[in-house]
Amino acid sequence: MTTTAREELLRLVPPQPSTDATVDAVDWEEVEDELGISLPDDYKWLSERYGPGGFDNFMTILHPRSEFWPTRLVDAAERAAELLEQMPESLRKKVPYRIDHLLAVGKTDNGDTIYWVTDPETRPNEWTVTANGARNTKWPHFDGGLVEFLAAVLSGTTRMDVFPSDFPSARPAFAPQPDPATVRRRPKTQRPDHPTPERAPE
């Protein structure tokens, strides 16, 4: 029996016990209405099976219900699209895809972005994957869906040259997104040249 990409990902990087059961269902109709496009079935499976979180302390797949807007699918994808539109023409010429065919679906701690290549737009289960480094013009292509991409990259059978050589680790793991209430925030500091309201001159 051939092992599917979903089975391989579950074997390679199991969900944490707290998310081992199916995560609360996402309202996909609402999400797709916000994005204006239908999404692949494997992404819906991934989102509901693992929930918001990151792989191997490096790669985060954008999630519709992330508590943090930089990793929330709709917000992050819209921001990534804005950055692509604002790209200088000299850099845009080096992108081997139509800008409107790129939809952000993940990011890394190095600032790299993972995109779906949404071609054909009306058949999301046929979309492939590409990535772009934060400080280079490489756009390596993966000829498969997102779960296939994760299984291939995290197993080490496929290398994307925009990712560092020490990724993935020998034992990649998935870490659920922390509760925002438990995330420590830096105390706000006042710039010396900006007086606090209590010290503001009258």
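## Strands E4 and E5

Strand E4 (residues 113-117) and strand E5 (residues 128-132) run antiparallel and are joined by 5 bridges. Strands here are DSSP runs of E with at least two residues, helices are runs of H or I with at least four residues, and both are numbered from the N terminus. Two strands count as paired if DSSP finds at least two bridges between them. Tyr115 has Thr130 in E5 as its bridge partner.

The loop between E4 and E5 contains Pro120. The peptide bond from Asp119 to Pro120 is cis, with omega near 5°.

## Basis and confidence

This is a predicted model, in which local features need pLDDT of at least 70 and side-chain atom pairs count only at pLDDT 80 or more, while totals for chains, interfaces and linings use all residues. Residues are numbered from 1 along each chain as its sequence is written, and side-chain values use heavy atoms, with hydrogens and water left out.

The mean pLDDT of the protein (pLDDT being the predictor's confidence in each residue, from 0 to 100) is 87, and 83% of the residues reach 70 or more. Over residues 186-202 pLDDT stays under 50, and the model has 4 contacts beyond four places in sequence for this stretch. A contact means heavy atoms within 4.5 Å. Where pLDDT is low, the predicted coordinates should not be read in detail.

## The sheet

E4 and E5 belong to an open sheet of 7 strands with antiparallel pairing, in the order E6-E5-E4-E3-E2-E1-E7. Strand E6 (141-142) and strand E7 (174-176) are at the edges with a single partner strand each, so one side of each has no neighbour in the sheet.

Strand E3 (residues 102-108) has 6 of its 7 residues buried, so the rest of the structure largely encloses it. Buried means under 20% relative accessible area, exposed means over 50%, and partly exposed lies in between, with a 1.4 Å probe and protein chains only. Strand E2 (residues 59-61) runs antiparallel to E3 and is joined to it by 3 bridges, with Ile61 opposite Gly106 in E3. E3 is also joined to E4 by 5 bridges, again antiparallel, and Leu103 stands opposite Trp116 in E4. E3 and E4 form a hairpin with 4 residues between them, and Gly111 in the turn has a positive phi of about 90°.

## Helix H6

In helix H6 (residues 146-155), 8 of the 10 residues are buried, so the helix is largely enclosed by the rest of the structure. The buried residues are Leu146, Val147, Phe149, Leu150, Ala151, Ala152, Val153 and Leu154.

Pro168 lies in the loop between H6 and E7. The peptide bond joining Phe167 and Pro168 is cis, with omega about 5°.

## Cavities

There are 2 cavities of 30 Å³ or more. A cavity is a set of points, on a 1 Å grid over the protein atoms alone, where a 1.4 Å probe fits but cannot get out; lining residues have an atom within 4 Å of a point. Grid points are joined across faces, edges and corners, and the volume is the space filled by probe spheres set on the points.

The largest cavity has a volume of about 60 Å³. Helix H3 (41-50) and strand E1 (53-55) are the elements that give two or more residues to its lining, and H3 provides the largest share, 4 residues. Its lining residues include Tyr43, Phe55, Ile61 and Phe174. By class, the lining has 7 nonpolar, 4 polar and no charged residues. Ala, Val, Leu, Ile, Met, Phe, Trp, Tyr, Cys and Pro count as nonpolar, Asp, Glu, Lys and Arg as charged, and the others, Gly among them, as polar.

The second largest cavity has a volume of about 30 Å³. Val153, Thr158, Arg159, Met160, Phe163, Phe167 and Pro168 line this cavity, giving 5 nonpolar residues, 1 polar and 1 charged.

Asp56 counts as buried at 13% relative accessibility, whereas Asn57, at 70%, counts as exposed.

Terms used
On a 1 Å grid over the protein atoms alone, a cavity is a set of points where a 1.4 Å probe fits but cannot get out, and a pocket is an open set with protein on both sides within 12 Å along at least five of seven lines; lining residues have an atom within 4 Å of a point.
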